[in-house]
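Look at the sequence and the model shown below.

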Amino acid sequence: MEDFEQELKLALERRPAPPSLKRRLMEQRNRQRAQRQHNHSTLWLRLAASLVLAAALGGAAKWEMHRADERRQGEDAARQVMTAMRITGHALNEVNTRLTAHDRGARE
């Protein structure tokens with residue numbers, strides 16, 4: 001038991017810290033602090049880049065919706081013009097048929 005007590009006393013005996021311990025601890029703390037600052041600034045840069053990307057994607061989507069709407073309006077206008085031309089063509093055919101019939105009646 002005395003050996004154990006002797007070992008315990010030696011293990012718990014206060015000894016001065018090595019002279020380089022404080023310097024190593026301060027360097028480690030400074031490295032950790034610099035790493036945290038770097039991580040913090042990197043986080044802000046990533047956040048800013050994400051916001052810019054989201055804004056760009058939103059703008060592109062809005063622009064594409066605008067282009068699709070304009071294309072749809074153009075297609076509607078083309079259909080309306082074609083309908084008007086068919087109606088006009090039909091009316092011209094009717095007038096032509098009547099004029100032809102009138103000319104035949106006038107010759108007879």
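A salt bridge is counted when a side-chain nitrogen of Lys or Arg lies within 4 Å of a carboxyl oxygen of Asp or Glu. Side chains of opposite charge can pair when their charged atoms come close. This structure is a predicted model, in which local features need pLDDT of at least 70, side-chain atom pairs count only at pLDDT 80 or more, and totals for chains, interfaces and linings use all residues. Residues are numbered from 1 along each chain as its sequence is written, and side-chain values use heavy atoms, with hydrogens and water left out.

Begin with the chain as a whole. Its secondary structure comes to two helices and zero strands. Helices here are DSSP runs of H or I with at least four residues, strands are runs of E with at least two, and both are numbered from the N terminus. The radius of gyration of the protein chain is 46 Å, well over the 13 Å that the globule rule gives for 108 residues, so the chain is more spread out than a compact globule. That radius is taken over C-alpha atoms, and the globule rule is 2.2 Å times the number of residues to the power 0.38. The span of the C-alpha trace along its principal axes is about 150 × 35 × 10 Å.

How much of the protein chain counts as buried? The share is 0% of the 108 residues. Buried means under 20% relative accessible area, exposed means over 50%, and partly exposed lies in between, with a 1.4 Å probe and protein chains only. In total the protein chain exposes about 10,500 Å², and carbon and sulfur atoms supply 60% of this area. Accessible areas come from the Shrake-Rupley method with a 1.4 Å probe, and for residues only the protein chains shown count as cover.

Now follow helix H1, which covers residues 2–12. Glu-2 is found in this helix and counts as exposed because its relative accessibility is 66%. On the surface, Glu-2, Asp-3, Glu-5 and Glu-7 gather in a patch of negative charge. Phe-4 also lies in helix H1. Together with Met-1, Leu-8 and Leu-12, Phe-4 makes a nonpolar surface patch of about 510 Å². Patches are made of residues with over 30% relative accessible area and no salt bridge; like charges are joined within 9 Å, and nonpolar side chains (Val, Leu, Ile, Met, Phe, Trp, Tyr) within 5 Å.

Helix H2 covers residues 20–107. Two C-alpha distances give an idea of how the chain runs. Arg-72, which is in helix H2, has its C-alpha atom 68 Å from that of Met-26, and these residues are 46 apart along the chain. His-40 is in helix H2 as well, and it is partly exposed because its relative accessibility is 47%. Between His-40 and Glu-64 there are 36 Å in space, C-alpha to C-alpha, for 24 residues in sequence.

How many salt bridges does a search of the whole structure find? The search finds five. In one of them, Arg-67 pairs with Glu-64, and the closest N and O atoms are 3.5 Å apart. Both residues lie in helix H2, three residues apart, which is about one turn of the helix. Arg-67 is partly exposed, with a relative accessible area of 37%, and Glu-64 is partly exposed at 37%. Glu-64 and Arg-67 are also linked with Arg-71 in a network of salt bridges.

Arg-72 forms a salt bridge with Asp-69, at 3.0 Å from N to O. These two residues, both in helix H2, are three residues apart, about one turn of the helix. Arg-72 is partly exposed because its relative accessible area is 46%, and Asp-69 is partly exposed at 33%.

Further along, the side chains of Asp-76 and Arg-79 meet in a salt bridge at 2.3 Å, N to O. Asp-76 and Arg-79 are separated by about one helical turn because they are three residues apart in helix H2. Asp-76 counts as partly exposed at 31% relative accessibility, and Arg-79 counts as partly exposed at 49%.

The protein chain has 20 positive and 14 negative charges, and their mean positions are 7 Å apart. Lys and Arg count as positive and Asp and Glu as negative, while His and the chain ends are not counted. The place of a charge is taken as NZ of Lys, CZ of Arg, CG of Asp or CD of Glu.
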